[in-house]
Amino acid sequence: MPTKILQIPTADGQADAFATFPDDGGRHPGVLMYADGFGIRPALREMARELSGHGYYVLVPNFFYRHGPAPVIELPEHIGEAARPGVFAQLMPLIEAHTPERVLRDASAYLRFLTTQPEASAGPVAVTGYCIGGLLAVRTAVAHPGQVAAVAGFHAPVGAAGPDSLRRLTAQVHFGHAETDLTPEVLAELNQALDAAGVDYTSEIYPDTVHGFTMADTDAFNPAALQLHWDHLLPLLGRTLANC
């Protein structure tokens with residue numbers, strides 16, 4: 001898949017981004033992919049390339065661009081348990097500084113950029129995210145109901161968007177949760193809120209998983225759960241972006 005390193009104009013500067021798309025000269029449905037807190041790195045680029053191979057233009061912005069280009073902090077090749085405390089000590093101030101207001105300003109810029117790329121269709125689009133990126137995906141979908149047709153979040157704190165936000169979702173939804181992230185009781189409460197809002201969704205705990213299960217460069221990685229993620233994500237995109 002062809003790849004590009006791009007600069008996205010935003011209200012607060014230029015966000016560097018990674019994009020990948022099929023090499024057939026056509027225009028393809030757009031997917032905005034939000035990374036986990038570790039950001040854009042080889043494992044994320046590989047996931048984006050795999051997704052683009054199914055016929056999508058995938059844009060992965062560095063949402064920590066205010067603090068520098070990706071990688072914003074130095075990461076080990078494998079993010080094991082011994083490395084996590086030091087990595088998170090550097091990441092948490094960046095995550096805390098990424099306020100909902102910043103998220104929404106950036107989301108508008110990302111979507112505007114995505115849908116004007118020569119290899120991407122004009123929309124609607126899908127938004128997917130991992131860990132904190134899943135929360136950003138939900139906030140993006142809520143803020144752009146006419147433009148976002150599908151939203152997916154994996155091992156993501158989607159409940160932090162709040163019940164009012166979840167009630168405003170118009171996109172089709174899939175949430176894949178880690179066993180260690182929420183209890184069946186909390187899952188039931190989340191799903192009841194989605195039911196009450198009339199959201200078209202699936203939301204489930206993936207078996208035998210811990211937080212971060214999709215990420216091949218971490219100790220949390222679970223290959224079976226990563227495949228389950230594709231088994232849910234690809235049909236969701238196929239249903240919602242088939243005519244884009």
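These are my notebook entries on one predicted protein model.

**Ground rules.** I count residues from 1 along each chain as its sequence is written, and I use heavy atoms for side-chain values, leaving out hydrogens and water. Because the model is predicted, I ask for pLDDT of at least 70 for local features and 80 or more for side-chain atom pairs, while totals for chains, interfaces and linings use all residues.

**Overall build.** I looked up the secondary structure and found 7 helices and 8 strands. These are DSSP runs numbered from the N terminus (helices H or I, at least four residues; strands E, at least two). The radius of gyration is 17 Å, close to the 18 Å of the globule rule for 244 residues, so the protein is as compact as a globular protein of that length. I take the radius over C-alpha atoms, and the rule is 2.2 Å times the number of residues to the power 0.38. The C-alpha trace spans about 45 × 40 × 35 Å along its principal axes.

I find 54% of the 244 residues buried. My classes are buried (under 20% relative accessible area), exposed (over 50%) and partly exposed (in between), with a 1.4 Å probe and protein chains only. I then turned to contacts, meaning heavy atoms within 4.5 Å. Of those with a separation of 6 or more, 69% join residues 24 or more positions apart.

**Core.** The largest nonpolar core holds 80 residues. I define such a core as buried Ala, Val, Leu, Ile, Met, Phe, Trp, Tyr and Cys residues joined through side-chain atoms within 4.5 Å. Which residues have the most contacts inside it? They are Tyr34, Leu59 and Leu169. Beyond four places in sequence, the contacts of Tyr34 include Pro61, Phe63, Ala107, Tyr110, Val127 and Leu136.

**Helix 1.** This helix covers residues 42-52. I list Ala43, Leu44, Met47, Ala48, Leu51 and Ser52 as its buried residues. An α-helix has 3.6 residues a turn, so residues three or four places apart point the same way. What covers the buried residues of helix 1? The cover includes strand 2 (13-20), strand 3 (30-34), strand 4 (57-61), strand 5 (125-130) and helix 7 (223-241).

**Cis peptides.** I checked omega. Ala70 and Pro71 are joined by a cis peptide bond, with omega about -5°. Pro71 sits in the loop between strand 4 and helix 2 (84-97). The bond from Gly123 to Pro124 is also cis, with omega near 0°. Pro124 lies in the loop between helix 3 (100-114) and strand 5.

**Positive phi.** Cys131 is not a glycine, yet its phi is positive, near 55°. I place Cys131 in the loop between strand 5 and helix 4 (132-143). Is Cys131 buried or exposed? Cys131 counts as buried because its relative accessibility is 17%. Asp208, also not a glycine, has a positive phi of about 60°. I find Asp208 in the loop between strand 8 (201-206) and helix 7. Asp208 is exposed, with a relative accessible area of 64%.

**Thr202.** Thr202 is partly exposed, at 37% relative accessible area. Leaving out residues up to four places away in sequence, Thr202 touches Val173, His174, Phe175 and His232. I also have a separation of 27 Å between the C-alpha atoms of Thr202 and Phe21, which are 181 residues apart along the chain.
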